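These are my notebook entries on a single structure. I record what I looked up, in the order in which I looked it up.

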Amino acid sequence: VQLQASGGGLVQTGGSLRLSCAASGGTFSRYDMGWCRQAPGKEREFLAAIRWSGGRTLYADSVKGRFTMSRDNAKNTVYLQMDSLKPGDTAIYYCAADSPPVAILSERRRESTFHYWGQGTQITVSS
């Protein structure tokens, strides 16, 4: 499966952005999807994951309550709605996919469980 992320940009502290990730080349509805980010000089960080059906989501503590992940299987697209953005959210954001779906969604906190990655989109939050 190929993944194409979009929607990044520059935003002020407290602002919002919505990222999209369009998938092609696979049966999208059979993939668990995730979002991760990597800030300069830091390791890649898990942010969120969503079950193939969309019925369950999982978030890192650092973004819980501020970020919302969703998917539209009819459009082969996942979204990450980001609210109350902070300068610490500045990073390159990546979407990820993997199939078959895992039995326990919390397993997706380990980025190594995702085998397909998009190219990344830059988000910069100014103070």
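Is C21 buried or exposed? I found a relative accessible area of 0% for C21, so this residue is buried. I note at the outset that the model is predicted.

**Entry 1: cysteines**

I searched the whole structure for disulfides and found one. The bond joins C21 to C95, with an S to S distance of 2.1 Å. The two cysteines come from distant parts of the chain: C21 lies in strand 3 (residues 17–24) and C95 in strand 9 (residues 91–98), 74 residues apart. I then looked up the torsion about the S-S bond of C21 and C95; it is about 55°, so the disulfide is right-handed. C95 also counts as buried, because its relative accessibility is 0%.

C36 has a relative accessible area of 0%, so I list it as buried.

**Entry 2: D89**

I located D89 in the loop between strand 8 (77–82) and strand 9. Its relative accessible area is 2%, which means that D89 is buried. Leaving out residues up to four places away in sequence, I found that D89 touches R37, R66, F67, S84, I123 and V125.

F67, a contact of D89, belongs to the covered face of strand 7 (residues 67–72), together with M69 and R71. The uncovered face of strand 7 holds T68, S70 and D72. Strand 7 pairs with strand 8 in the antiparallel sense over six bridges. I looked up the bridge partner of M69 and found L80 in strand 8. Four residues lie between the strands of this hairpin, and N76 takes a positive phi near 55° there.

How many residues of strand 5 (residues 45–50) are buried? I found five of its six residues buried, so I record the strand as mostly covered. Strand 4 (residues 32–38) and strand 5 run antiparallel and are joined by five bridges. G34 has A49 in strand 5 as its bridge partner. The hairpin of strand 4 and strand 5 has six residues between the strands, and G41 takes a positive phi near 75°.

Strand 5 is also joined to strand 6 (residues 57–59) by three bridges, again antiparallel. I found I50 opposite T57 in strand 6. In this hairpin, with six residues between the strands, G54 takes a positive phi near 85°.

Terms used: Residues are numbered from 1 along each chain as its sequence is written. This is a predicted model: local features need pLDDT of at least 70, side-chain atom pairs count only at pLDDT 80 or more; totals for chains, interfaces and linings use all residues. Side-chain values use heavy atoms; hydrogens and water are left out. A disulfide is a pair of cysteine sulfur atoms within 2.5 Å. Buried means under 20% relative accessible area, exposed over 50%, partly exposed in between (1.4 Å probe, protein chains only). Contact means heavy atoms within 4.5 Å. Two strands pair if DSSP finds at least two bridges between them.
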